[in-house]
Amino acid sequence: MKAIVTVIGKDKTGIIAAVSGCLAELKVNIEDISQTIMQDYFMMLMMVESKAAGVVEIGEKMAALGAKIGVDIRVQHEGIFNAMHRI
């Protein structure tokens, strides 16, 4: 299963470490990643793949982590993400 993970929030130290660490605990592989800082806001987009954890489980863990570290983290199945962004 492939999914898209988005992370948005005020920039601070440790966001990437926390997100990648949580994904590693879930045995989720980060296949591609893009990040930027826009003024004071951190934005990251990742394509991930998991053979063990599903989108719901990953999404719940990421949402809890986001609440803990003060950023918004969302997870969408790749198919849904692609369907939403078709022109």
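1. Start at a local polar contact. In this predicted model, a polar atom of the Ser 50 side chain sits 3.2 Å from the backbone nitrogen of Ala 52. Ser 50 belongs to the loop between β3 and α2.

2. Is Ser 50 buried or exposed? Its relative accessibility is 2%, and buried means under 20%, so Ser 50 counts as buried. Leaving out residues up to four places away in sequence, Ser 50 touches Met 1, Lys 27, Val 28 and Ile 58.

3. Ile 58 deserves a look from its own side.

4. Now the core. The largest nonpolar core has 21 residues. Which of them touch the most other members? They are Val 7, Val 19, Leu 23, Met 46, Ile 58, Met 62 and Ile 73. At least two residues of this core come from each of β1, α1, β3, α2 and β4. As background, nonpolar side chains tend to be buried together in soluble globular proteins.

5. Next, the sheet. Four strands make up an open sheet, with antiparallel pairing and the order β2-β3-β1-β4. At the edges are β2 and β4 (72-77), each of which pairs on one side only. On average, neighbouring strands of this sheet are turned by 15° against each other, direction ignored. In general, strands of a sheet pair through backbone hydrogen bonds.

6. Strand β2 covers residues 29-38 and strand β3 covers residues 41-49. Nine bridges connect them in the antiparallel sense. Asp 32 is opposite Met 47 in β3. The two strands form a hairpin, with two residues between them. Gln 39 lies in that turn and has a positive phi of about 55°.

7. Strand β1 (residues 2-10) runs antiparallel to β3, and nine bridges join the two. In this pair, Gly 9 faces Phe 42 in β3.

8. Last, the helices. Which strands does helix α1 lie across? Helix α1 (residues 15-25) lies across β1, β2, β3 and β4, and runs at about 20° to β3. Helix α2 (residues 55-69) packs on the sheet and touches β1 and β4. The direction of α2 makes about 170° with that of β4.

Key:
Residues numbered from 1 in each chain as written. Predicted model: local features only at pLDDT ≥ 70, side-chain atom pairs only at ≥ 80, totals over all residues. Heavy atoms only, no water. Pairing = 2+ DSSP bridges. Axes fitted to C-alpha atoms, helices over the stretch in contact; angles between N-to-C directions. Contact = heavy atoms within 4.5 Å. Core = buried A, V, L, I, M, F, W, Y, C linked by side-chain atoms within 4.5 Å. Buried < 20%, exposed > 50% of the residue type's maximum accessible area, 1.4 Å probe, protein only. Polar contact = N/O pair within 3.5 Å; in protein donor to acceptor, adjacent residues only side chain to side chain.
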